[in-house]
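The following paragraphs lead the reader through a structure, from its charged pairs to its interface and then to its backbone. Please keep the sequence and the three-dimensional view at hand.

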There are 2 protein chains.
Amino acid sequence: MAKRAPSNRIGISDVAAKAGVSLATVSRVMNGNQSVDPKIAARVQSAAAELKYQPNPIGRNLARGKTETIGVVVPDLGNPTFQTVLRGVSRAAAQDGYRVLIADSSEVSSEEAILAGEARRRCDGVVLCAPRMSAAELEELAPSLQPMVLVNRTTNVPNSPSVMIDYGKGIQDLAGHLADLGHTRIAYVAGPASSASNALRLVGLEKFSRTHPHIEVVHLRNGSTFEDGYESANDVLSSGATGILAFNDLTAMGLLSSLNERGIRVPEDISVTGFDDIPFARYTTPPLTTAAAPIMEAGEQAWAQMRELLFGNAITEAVRVFEPHIVVRGSTGVPHGKDSTAES
Amino acid sequence: MAKRAPSNRIGISDVAAKAGVSLATVSRVMNGNQSVDPKIAARVQSAAAELKYQPNPIGRNLARGKTETIGVVVPDLGNPTFQTVLRGVSRAAAQDGYRVLIADSSEVSSEEAILAGEARRRCDGVVLCAPRMSAAELEELAPSLQPMVLVNRTTNVPNSPSVMIDYGKGIQDLAGHLADLGHTRIAYVAGPASSASNALRLVGLEKFSRTHPHIEVVHLRNGSTFEDGYESANDVLSSGATGILAFNDLTAMGLLSSLNERGIRVPEDISVTGFDDIPFARYTTPPLTTAAAPIMEAGEQAWAQMRELLFGNAITEAVRVFEPHIVVRGSTGVPHGKDSTAES
DNA sequence: ATTTATTGAGAAAGCGTTTTCTCAATCTGT
DNA sequence: ACAGATTGAGAAAACGCTTTCTCAATAAAT
């Protein structure tokens, strides 16, 4: 791009001309550099104001070698979890004057690495949500993405902090809640096998079983949608469990719906819990006991980690863990036959 | 930024050196310029590949005067509507190799104009969702934002296309559906007064009343949340209407919940409709009759409009309107006393 | 075989800033 | 008053590319 187009946009040189100073001085004034005579500074300021001069960020980016923008890579912008992470990151970053570029791989995981790389080149750093990416691929990719922070997974690549939701702890707490109520046979209606957060729940249940040997935990395969939950009813009933841990709120609602149609009372006959505390969880009949994951906070912390990487002195190597907190509503209660809560 | 930091990142000059050609040639090869000897091109390609050279988009942006990025300004990233618009824009733009920078004003409407301007300077164009901005302010802002496309509002500033959801048509169709079922007294439980889409619904109802003079339409003030819907039950019942048009699915669900508690049967005693067709609308009891707004399509079309502005030959001045389509489920039926549908 | 058209690649001028370098002018201390 | 320390502003180099300009080397035409 050479001498074409007289570039109507007004630039730093226009201001310099109007104020009768050099480009360098204008730049200094615009950046609040102190080493400039207040008188001249004022002259530049007013010239800039009169011309409504706005520095061109692109030129600035090149000169400074940074964009004040970070990329957020998500596998699916339609997924409420990632929407919320995105929102948390965006809000927190905005506080520090940073913007967010989105890279939605639309579930095409083969594109993920490329997309992340492109985003990284345009930005000062990347927040990566890539639950399905293999550990090996991540390990290879991570160094080229730094500064990078991971969401809901970790890697042992140096200088790659993470924020995590402790799904294992959440499911443990829910199981504990059912145990406290007196349930002795609990069923976990699992999510998709490929889901990383499902794996974390399984680890949590493992731990639960070890600390509660007298409680039977049966595992049922299932999915993550309302329909999956609906269709799990047969398995649930034949499992003989009185307390059901659904994979998430959606499947819990599906299950609730099916149980309701069959005339099975919740929580009198069967207790049901969800996970996530989506907005509608409180409006089901009965309102759903669930574990609320502080996803937005996680997003905000992802920015905090990124900020550490960008301007931090200390070498951050942290994994910040967020624990879901359970919210008890009407879908859980004392199992049939018992008539008093048994607090542990 | 002068001679500091030997800039470890490999650049175009490294490739040029390795391939034994000039920078210009490397650039030409990287951009698929035909006027380069295939032999040399191959040499450059392999040099680039060996060095894993990736062009720096920032330098490229400056040289080309464009970023292949568009900004999407939304008033609240937590609002499902804007999330969906964002997703639609992002997906469609990605098809053409464009990325999206998000600018969330977090409901601070005083910041909206500034944010939009900043986004514009970093991007090649802006998709603006600013339902609350005054027409005057928009008119003043619009020229400085172009190329710009508006979502769910219009302006008479030249070259400022829009995509719109026709909320008026949607509510008319829902009212028409109730009329067809035989309802003669219909209540509209309005949304927030400040809401632009509420205003559009009112206009639609106006039109409906004109074409259906024999049907009474009463207006009730209300809000946009589940709770608002729940609390509207008294007004609804005392209105004497048998068909209720709730502002949206959320308020409809609140109303449904309250009616259910009072033992009022839906749709036998009262028919209820929502608006939006949120994912849970199909899972209420009874499943909710509602109007589905094709928001994601609108987002996709917003990109289509933007593309026209960016590379289009014709001067686009279009307003693209998307009509909601009603989806009839179990929450509407023939009013008490009638026993057959009366098709119009 | 000589002139003209064509292809192809290098040199260099941007793109709009920031920042280093440089040097004149003003200030300090004695 | 004079050498040395400061302050302050302009000139120019960078940032990493793209693209025009220019010109040598071929191919085509007479």
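A salt bridge is taken here as a side-chain nitrogen of Lys or Arg within 4 Å of a carboxyl oxygen of Asp or Glu. The structure to which this rule is applied is a predicted model. Over all chains, the rule gives a count of 20 salt bridges.

One of these pairs lies within chain A, where the side chains of A:D173 and A:K169 form a salt bridge with an N to O distance of 3.2 Å. Why are A:D173 and A:K169 separated by about one helical turn? The two residues belong to helix α8 (residues 167–181) of chain A and stand four residues apart in it, which means a separation of about one helical turn. In general terms, side chains of opposite charge can pair when their charged atoms come close.

Salt bridges also occur between the chains: two are counted between chain B and chain A. In one salt bridge, the side chain of A:R87 meets that of B:D76 at 3.9 Å, N to O.

Which elements of chain B supply the side that touches chain A? At least two residues each come from α4 (57–64), α5 (80–95), β2 (99–104), α6 (109–122), α10 (226–231) and α12 (249–261) of chain B. The most is given by α4(B), which provides seven residues. Sorted by class, this side of chain B holds 17 nonpolar, nine polar and eleven charged residues.

The extent of the interface can be stated in two ways. In residues, the contact takes 37 from chain B and 37 from chain A. In area, about 3500 Å² is buried between chain B and chain A, and carbon and sulfur atoms give 64% of it. Within chain B, the residues that lose the most area to chain A are B:R121, B:R122 and B:F280, which together make up 19% of what that side buries.

Strand β2 (residues 99–104) of chain A pairs with β2(B) in the antiparallel sense, over three bridges. Within this pairing, A:V100 has B:I102 in β2(B) as its bridge partner.

Attention now turns to chain A itself. Its domain assignment gives domain 1 (1–46), domain 2 (69–160 + 296–320) and domain 3 (167–289). Taken over C-alpha atoms, the centres of domain 1 and domain 2 of chain A are separated by 36 Å.

The peptide bond from A:V266 to A:P267 is cis, with omega near 10°, and A:P267 is placed in the loop between α12 (249–261) and β9 (271–273) of chain A. A cis peptide bond also joins A:T285 and A:P286, with omega about -10°; A:P286 is found in the loop between β9 and β10 (290–292) of chain A. Finally, A:K52 is not a glycine, yet has a positive phi of about 50°. A:K52 is located in the loop between α3 (38–50) and α4 (57–64) of chain A.

Conventions: Residues numbered from 1 in each chain as written. Chains lettered and ligands numbered in written order. Predicted model: local features only at pLDDT ≥ 70, side-chain atom pairs only at ≥ 80, totals over all residues. Heavy atoms only, no water. Contact = heavy atoms within 4.5 Å. Buried area = accessible area lost by both parts, 1.4 Å probe. Nonpolar A, V, L, I, M, F, W, Y, C, P; charged D, E, K, R; others polar. Pairing = 2+ DSSP bridges. Domains from an automatic or database assignment.
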